[in-house]
Amino acid sequence: MSDQSAFWETPISIDLDTGERLVLRSPQDALYALVSDWPVNAGVHQQRAIDFCRAWLAGRMPAETVRQAFILAALEAGVAINDDDGAGSSVGNPLV
């Protein structure tokens with residue numbers, strides 16, 4: 001990873017179909033959610049967001065660009081996005 005920030009300036013909270021709320025603070029959190037917890041597979045924006053997350057991991061994509069791609073994927077999948085202060089449960093980092 002390059003010198004790009006590992007965390008977003010503003011976390012994204014999402015509500016899953018299970019009723020669980022996840023707070024995503026980085027592209028790594030987003031990647032985990034997109035491949036593990038996503039309610040819809042094979043969406044165009046989902047795949048693009050996954051690709052952007054992987055590009056970020058390789059140091060080729062700014063974290064805030066990945067954040068925007070993730071938001072589009074959430075809209076595509078009908079995943080509720082919350083504008084809270086980031087309180088809630090965080091996604092683990094299984095990729096570390």
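The entries below run from the whole chain to single residues.

**Ground rules**

I am working on a predicted model, in which local features need pLDDT of at least 70, side-chain atom pairs count only at pLDDT 80 or more, and totals for chains, interfaces and linings use all residues. I number residues from 1 along each chain as its sequence is written, and side-chain values use heavy atoms, with hydrogens and water left out.

**Whole chain**

I looked up the secondary structure and found three helices and four strands. Helices are DSSP runs of H or I with at least four residues, strands are runs of E with at least two, and both are numbered from the N terminus. Along the sequence I read β-β-α-α-α-β-β.

I then checked burial. Of the 96 residues, 41% count as buried. Buried means under 20% relative accessible area, exposed over 50%, and partly exposed in between, with a 1.4 Å probe and protein chains only. The accessible surface of the chain is about 5200 Å². Carbon and sulfur atoms own 50% of that surface. The areas come from the Shrake-Rupley method with a 1.4 Å probe.

Next I took contacts, meaning heavy atoms within 4.5 Å. Among those between residues at least 6 apart in sequence, 63% join residues at least 24 apart.

**Helix 2 with helix 3**

How do helix 2 and helix 3 pack? I find an angle of about 160° between helix 2 (residues 44-57) and helix 3 (residues 63-77), with the axes 8 Å apart. Therefore helix 2 is roughly antiparallel to helix 3. Here axes are lines fitted to C-alpha atoms, for helices over the stretch in contact, and angles run from 0 to 180 degrees between N-to-C directions. Angles under 35 degrees count as roughly parallel, over 145 as roughly antiparallel, 65 to 115 as roughly perpendicular and the rest as oblique.

Helix 2 passes helix 3 in a left-handed crossing. That term applies if the near helix is turned anticlockwise from the far one by less than a right angle; clockwise is right-handed. On the helix 2 side I list Val44, His45, Gln46, Arg48, Ala49, Phe52, Cys53 and Trp56. Helix 3 answers with Ala63, Thr65, Val66, Ala69, Phe70, Leu72, Ala73 and Glu76. By class, I get eleven nonpolar, three polar and two charged residues. Ala, Val, Leu, Ile, Met, Phe, Trp, Tyr, Cys and Pro count as nonpolar, Asp, Glu, Lys and Arg as charged, and the others, Gly among them, as polar.

**Helix 1 with helix 2**

The axes of helix 1 (residues 27-37) and helix 2 come within 9 Å and cross at roughly 145°. This crossing of helix 1 and helix 2 is left-handed. Helix 1 brings Pro27, Gln28, Ala30, Leu31, Leu34 and Val35. They meet Gln46, Ala49, Ile50, Cys53, Arg54, Trp56 and Leu57 of helix 2. I count ten nonpolar, two polar and one charged residues in this contact.

**Helix 1 with helix 3**

Helix 1 and helix 3 pack at about 25°, with axes 10 Å apart. So helix 1 is roughly parallel to helix 3. The crossing of helix 1 and helix 3 is also noted as left-handed. Pro27, Ala30 and Leu34 of helix 1 touch Ala63, Val66, Phe70 and Ala73 of helix 3. I find seven nonpolar residues here, no polar and no charged.

I also listed the buried residues of helix 1: Pro27, Gln28, Asp29, Ala30, Leu31, Ala33 and Leu34. They pack against strand 2 (21-24), helix 2 and helix 3.

**Single residues**

Is Gln46 buried or exposed? Gln46 lies in helix 2 and counts as buried at 5% relative accessibility. Not counting residues up to four places away in sequence, Gln46 touches Leu34, Trp38, Val40, Asn41, Ala73 and Glu76.

Ala55 is in helix 2 and is buried at 7% relative accessible area. Leaving aside neighbours within four places in sequence, I find Ala55 in contact with Arg60 and Met61.

Ile71 lies in helix 3, buried at 19%. Ile71 and Ile12 are 59 residues apart in sequence and 8.5 Å apart in space, C-alpha to C-alpha. Ile71 touches Ile12 and Ile81, with residues up to four places away in sequence not counted.

Last, I checked the loop between helix 1 and helix 2, where Ala42 sits. Ala42 has a positive phi of about 75° although it is not a glycine. Ala42 is exposed, with a relative accessible area of 75%.
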